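Trainee: I am new to this one. Could you show me how to read a helix and its buried residues?

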Amino acid sequence: CYIFFRNVNPIWRSHHIRIFKAIGVYSLEIYLLHHHLFLGEESLAKKTLIPGYPSCDFLCSLWLVIALAIALKNSTSVVTTMLTSYNDDKMNGMRNVIVILGTLAIIHAITII
C-alpha cells in the first residue's frame, strides 16, 4: 500500500522513509543471517541470552543480527571491490581472483591434513 501511494505522484516518488532504505541496503544480509542464526539446528531461537526477560532477549538478538548484517555488508563490499577493481591495470581484478583462489586452495589443503 505504501509503495502504491508513493508512486502515484512524481513529487512523492522523490521522498522515502529512511528506515525502509536502511533495511533495503542490508536486506540480503539480514535474510541470510536470520536463516542461519534462527532457523538452524543450533539456533539462537532455542537459546536464551537473558533468562527471564524475553523482550530484552529479543532486542539483543535483533541487535546482534543487525550488527552482523552491517559487518557482513561492509566485508562483502570490500571483497567485491578487490575482485572487480580495474582502475590502473586491466589484469588487476584477474590477479586478485587468482590470489584469492590460491589462498582458499591453501587453506583447504591445510584443513584436510
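Trainee: Where is Ser-61 placed?

Mentor: Helices are DSSP runs of H or I with at least four residues, numbered from the N terminus. Ser-61 sits in helix 5, residues 54-84. A caution on the source: this is a predicted model, where local features need pLDDT of at least 70, side-chain atom pairs count only at pLDDT 80 or more, and totals for chains, interfaces and linings use all residues. Residues are numbered from 1 along each chain as its sequence is written, and side-chain values use heavy atoms, leaving out hydrogens and water.

Trainee: Is Ser-61 buried or exposed?

Mentor: Buried means under 20% relative accessible area, with a 1.4 Å probe and protein chains only. Ser-61 has 8%, so Ser-61 is buried.

Trainee: Which residues does Ser-61 touch?

Mentor: Contact means heavy atoms within 4.5 Å. Not counting residues up to four places away in sequence, Ser-61 touches Phe-38 and Leu-49.

Trainee: Which residues of helix 5 are buried?

Mentor: An α-helix has 3.6 residues a turn, so residues three or four places apart point the same way. In helix 5, Asp-57, Ser-61, Val-65 and Ala-69 are buried. Their cover includes helix 4 (27-38).

Trainee: How many helices and strands does the protein chain have?

Mentor: The protein chain has 6 helices and 0 strands. Of its 113 residues, 10% count as buried.

How values were computed. Helix = DSSP H or I, 4+ residues; strand = E, 2+ residues; numbered from the N terminus. Buried < 20%, exposed > 50% of the residue type's maximum accessible area, 1.4 Å probe, protein only.
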